[in-house]
Amino acid sequence: MTEAAAHTEDASKPLRELIASRLATVLAIAPLGVWTVWHLWDNLNSWRGGEAWGLAVTGGSQLTHAIGAVVVLVPLVLHTIWGIVRVMRTRPNLGAYPYYANLKYLVQRLTALGLLGFLGAHLWLAAIKPRLTEGHPEEFADLAKQMHHHMPTLGVYLLGTLAVAYHLANGVQTASIALGLVTTRDGLKRLDKVSLVLFVIFAAMAWGAIGGLYRAGT
Ligand code: HEM
């Protein structure tokens, strides 16, 4: 089944399920997707040193952090629950129909499972643990040192952010189809290219930020 077919199938579902699915799609784009790109952009400050990175990434009042956490974490939890249900209900059929669209469908689900682990570890290690155990947010010098001298950390960040870049870029494509924004054959072809370009941009931003941390950790 192609991604477009999978989404049009939704039309036969009960209205409540359809509304929940559309809501999940919208929340995945905004605030979740928008915040993700913003977060990558902020992290590019790693090239400008610890002070600039701290101001952009971990700075701000307790209140802005609390509001930010609710605005991002609630949609993330809702999207994750919805995503796990989708993964369990649907079966990729790349073996029977080896089409490019089916490959992307499979990779979207594999990256989703990868993200479960990566985001769980990232949230705990970078956002929650330092605040709980040390009473302050993650420090630039600590993260940069880990990135440079601890290969598993570097590997996990490189792969985890690559999964984020793919999942979000391909998600923009599937969401545009699900929301009926693109319907024509030409439009779908163009959307495919847009999604590829977005993937390259998101991956470059993520790996660029990691590069800045790696350099600072020497
Ligand atoms: C940074 C975090 C994440 C972002 C920005 C994100 C974004 C997106 C977007 C924009 C879509 C397209 C929505 C649509 O086609 O209706 C999507 C689809 C999906 N997401 Fe996520 N996601 C994230 C994390 C997760 C996690 C942790 C899971 C856990 C299982 C997950 C599971 C899924 C699944 C299964 C789909 C495909 C749904 C389908 O087409 O049937 N996502 N995601």
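The shell around the ligand divides into 15 nonpolar, 10 polar and two charged residues; Ala, Val, Leu, Ile, Met, Phe, Trp, Tyr, Cys and Pro count as nonpolar, Asp, Glu, Lys and Arg as charged, and the others, Gly among them, as polar. The model is predicted: local features need pLDDT of at least 70, side-chain atom pairs count only at pLDDT 80 or more, and totals for chains, interfaces and linings use all residues. Residues are numbered from 1 along each chain as its sequence is written.

**Ligand shell**

- The ligand is surrounded by 27 residues, the closest being Thr25, Gly83, Ala112, Gly171 and Thr174 (near: C-beta atom, placed from the backbone, within 6 Å of the molecule).
- Two or more residues each come from α2, α4 (62-89), α5 (100-134) and α7 (helices are DSSP runs of H or I, at least four residues, numbered from the N terminus).
- The most, eight residues, come from α7.

**Helix α8**

- Helix α8 (residues 185-216) has 32 residues and should span 46 Å at 1.5 Å a residue, which agrees with the 47 Å between its end C-alpha atoms (expected span: 1.5 Å times one less than the number of residues).
- Phe202, Ala206, Ala209, Gly212, Leu213 and Ala216 of α8 are buried (20 or more other C-beta atoms within 10 Å of its own; exposed, 12 or fewer; partly exposed, in between; C-beta atoms placed from the backbone).
- The cover over the buried residues of α8 includes α2 (15-43), α6 (140-149) and α7 (151-178).

**Serine 195**

- Serine 195 lies in helix α8 and is partly exposed, because 19 other C-beta atoms are within 10 Å.
- Leaving aside neighbours within four places in sequence, serine 195 is in contact with Ala169, Asn170, Val172 and Gln173 (C-beta atoms, placed from the backbone, within 7 Å).
- Histidine 167 is 28 residues from serine 195 in sequence and 10 Å away in space, C-alpha to C-alpha.

Key. Two residues are in contact if their C-beta atoms, placed from the backbone, lie within 7 Å.
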